[in-house]
Amino acid sequence: KESSSLVKLCVVWVALHFALRPLFFETRDGSVPRVGKGKWMKWSEMVIPSGMHTGETVLPSGCVLHMLEGDIIPRFSVLFVHDLAEHSGGLRDFASILATHCVHADSSCNIYAIDLAGHGLSAFYSGSQGTFNATEWVGQISNATSYIRERNHDTAVFAIGFGFGGDVALAATSQTEQLTGTVVNGLLMSHEVNFHTQNRINLLTGSLGQLLESFLLDAKLFTPSLFNFRNFFDDAECSTPPADDPADPAVSGSVREICSWVHDEASYEERMRDPLSVWHYSVSSLRSLFSSAWRPSAANNTKPVLVLAGGLDRVLPLSHVQTVFRLLGGPRLLRVEPRAGHRLLYRQAIATSTQGAGSPRSNAVGGGSTAAAAALVVRWAGAALEGGLGGLPPERDQLEL
């Protein structure tokens, strides 16, 4: 009997090992050996526009705030709120592009980016990587906004949220008078509109998630085993076929086009190897992220919101973003880049080639839509400050007001 019980125990242990292993290790493409083994992306290494300088400070909340500032009082400031797994260093290119467009529009702006608790330098200094409470994130953004206003003679501050950061930025804007409005690159709001991975979300927030939290304690899950982060780095390359082409193309906007997916492998690898990117999270942290406790009702929003979306987003489908957008209260605009994927505001030119590794790189796609989005943000912020958003079409399939 004892030997039989021992065999059963061993079988259960092996079964649990293989059942739970994907929660801690990436098994699809051998990610584990290279995670965090590269160079981290530094905010200070951006292309700095003339007359501006970078810096950083630690806020009373313990979060690190990165800065790109000019020498004059800005017309407005912008606070970046990063996505899950990201940190402010990954937003440096868009910060540089946005600041440059402010200069060109003769509308000076300062750019700030916060490393939320559990992420980036905030986690590096505190030793708390992958551990956070999403409810506290909202307070951290409010704390950062107060600091930015004091630093800039109480001029307006807009939040720009990326991915999950969009939901957090919108929540913070609803809960503090210090923020003037919000720009979001996609909207999840899974507490109001079911997402296509809603079953996983419900399992995590439900009784099974509670059991996992009790069982695993402080052990951290390898998040890419739950969500396919490779899709975050997929974009589309589109071309218009000849008029006599009998193929059945994908439809992008109002133009009849054939689109093929392009994976930005270089950016994916850069993020996987960045030691400040966060790929492991405690169950309690993930449960707090999907909790509805910190999320306001979309209908209760009263401040200006600009939603930017990619028409070919494989992570946040446009149909989902449109549904959430139509629930929003307040002055709202949705602007879509029909040929873009999920990372519209990160989108630099992705060089592709059909000639194999080591061949000359060609067919650059993207890049231009990021600049167009930056120009749109500057114009939208100006219109919001001047009360000029009324009468604009709520939804457009282009990056124009």
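**Questions on a predicted model**

Reader: Which is Glu213: buried, partly exposed or exposed?
Author: Buried means under 20% relative accessible area, exposed means over 50%, and partly exposed lies in between (1.4 Å probe, protein chains only). The relative accessible area of Glu213 is 29%. Glu213 is therefore partly exposed.

Reader: What kind of model is this?
Author: Residues are numbered from 1 along each chain as its sequence is written, and side-chain values use heavy atoms, with hydrogens and water left out. Local features need pLDDT of at least 70 and side-chain atom pairs count only at pLDDT 80 or more, while totals for chains, interfaces and linings use all residues, as this is a predicted model.

Reader: With which side chain does Glu213 meet in a salt bridge?
Author: A salt bridge is a side-chain nitrogen of Lys or Arg within 4 Å of a carboxyl oxygen of Asp or Glu. Here the N to O distance is 2.8 Å, and the partner of Glu213 is Arg287.

Reader: How many residues apart in sequence are the parts that this pair ties together?
Author: Helices (H or I, at least four residues) and strands (E, at least two) are DSSP runs, numbered from the N terminus. Glu213 is in helix α7 (residues 207–216) and Arg287 in helix α9, so the separation in sequence is 74 residues.

Reader: Is Arg287 buried or exposed?
Author: The relative accessible area of Arg287 is 18%. Because the cut-off is under 20%, Arg287 is buried.

Reader: Where does Arg230, the salt-bridge partner of Glu265, lie?
Author: The side chains of Glu265 and Arg230 meet at 2.8 Å, N to O. The pair links distant parts of the chain, 35 residues apart: Glu265 is in helix α8 (residues 265–273), and Arg230 is in the loop between β7 (220–222) and β8 (234–239).

Reader: How do Glu265 and Arg230 count by relative accessibility?
Author: The value for Glu265 is 33%. The value for Arg230 is 25%.

Reader: In the salt bridge of Arg339 and Glu337, which residue is buried?
Author: The two side chains meet at 3.8 Å, N to O. At 28% relative accessibility, Arg339 counts as partly exposed. At 15%, the buried residue is Glu337.

Reader: How many salt bridges does a search of the whole structure find?
Author: Some salt bridges form a network, which links Glu86, Glu270, Arg271 and Arg343. For the whole structure, the search gives 16.

Reader: How far apart are the end C-alpha atoms of helix α2?
Author: The expected span of a helix is 1.5 Å times one less than its number of residues. Helix α2 (residues 92–104) has 13 residues, so it should span 18 Å. The end C-alpha atoms agree with this, being apart by 19 Å.

Reader: Which residue just after α2 takes a positive phi?
Author: Within α2, the buried residues include Phe94, Ile97 and Leu98. Just after the helix, a phi of about 55° is taken by Asp106.

Reader: With which side chain does the side chain of Glu69 make a polar contact?
Author: Glu69 is in strand β2 (residues 64–70) and counts as buried at 7% relative accessibility. A polar contact is a pair of N or O atoms within 3.5 Å; within protein, one must be able to donate a hydrogen and the other to accept it, and residues adjacent in sequence count only if both atoms are side-chain atoms. Glu69 is in contact (heavy atoms within 4.5 Å) with residues including His53 and Arg151, leaving aside neighbours within four places in sequence. Its polar contact, at 2.5 Å, is with Tyr112.

Reader: How far apart in space are Arg34 and Glu269, C-alpha to C-alpha?
Author: Arg34 is in the loop between α1 (2–24) and β1, and is buried, with a relative accessible area of 11%. Arg34 and Glu269 are 235 residues apart in sequence, while their distance in space is 8.8 Å.

Reader: What distance separates the C-alpha atoms of Ala293 and His191?
Author: Ala293 is in the loop between α9 (283–290) and β13 (305–310), and counts as exposed at 65% relative accessibility. Ala293 and His191 are 102 residues apart along the chain, and the separation of their C-alpha atoms is 9.7 Å.

Reader: What share of the residues of the chain counts as buried?
Author: The chain has 11 helices and 17 strands. Of its 401 residues, the buried share is 52%.
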